[in-house]
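User: Could you take a close look at the salt bridges in this one, and then tell me how they sit in the rest of the chain? Cut-offs included, please.

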Amino acid sequence: MIPEQPLERAAAEAAAASRQSEQYALVLAAVQAAQIVQQQQPQQPVCQHHHDPRQAPAVGKWVAVGVAGSVAAISLALSAIAVAVGAVAVTCCLIVLRSMWRAETSRRGR
């Protein structure tokens, strides 16, 4: 809606400026209130001594130790099984050879 007379136009612009100045006053009041609140908050004192940064626990090292220990235990168990199988094989071989030796000696002794 455009006013036809310059006086009406000037009144409309004055009303708009008044609304804008009211908005500006509200914004200015909000900014000042925020500054007052910020000034009233107590400042925490700055720490004067040195803090050591927290080091992450060495999880990777312990995982590697666990894996190495597991591999060592498995290899020890497999080598024990291999020794046991070898002992059984040697025992069977000796029993067979002894029986063959006795059979040969008894046949010759007749």
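Analyst: Let's start with Arg107, which forms a salt bridge with Glu104, the closest N and O atoms being 2.6 Å apart. The term here stands for a side-chain nitrogen of Lys or Arg within 4 Å of a carboxyl oxygen of Asp or Glu. Bear in mind that this is a predicted model, where local features need pLDDT of at least 70, side-chain atom pairs count only at pLDDT 80 or more, and totals for chains, interfaces and linings use all residues. Residues are numbered from 1 along each chain as its sequence is written, and side-chain values use heavy atoms, with hydrogens and water left out.

Why can these two meet? Arg107 and Glu104 are three residues apart in helix α2 (residues 59–109), so about one helical turn separates them. Helices here are DSSP runs of H or I with at least four residues, strands are runs of E with at least two, and both are numbered from the N terminus.

Through shared partners, the salt bridges join Glu104, Arg107 and Arg108 into one network. The count for the structure comes to two salt bridges.

As for cover, Arg107 is exposed at 59% relative accessibility, Arg108 is exposed at 68%, and Glu104 is partly exposed at 29%. The classes are buried under 20% relative accessible area, exposed over 50%, and partly exposed in between, using a 1.4 Å probe and protein chains only.

Now zoom out. Of the 110 residues of the chain, 0% count as buried. The chain has two helices and zero strands, and its C-alpha atoms fill a box of roughly 155 × 50 × 15 Å along the principal axes. The radius of gyration is 50 Å, whereas a compact globule of 110 residues would be near 13 Å; the value is taken over C-alpha atoms, and the globule rule is 2.2 Å times the number of residues to the power 0.38.

On charge, the chain carries 9 positive and 6 negative side chains, and the centres of the two sets lie 60 Å apart. Lys and Arg count as positive and Asp and Glu as negative, leaving out His and the chain ends; each charge is placed at NZ of Lys, CZ of Arg, CG of Asp or CD of Glu.
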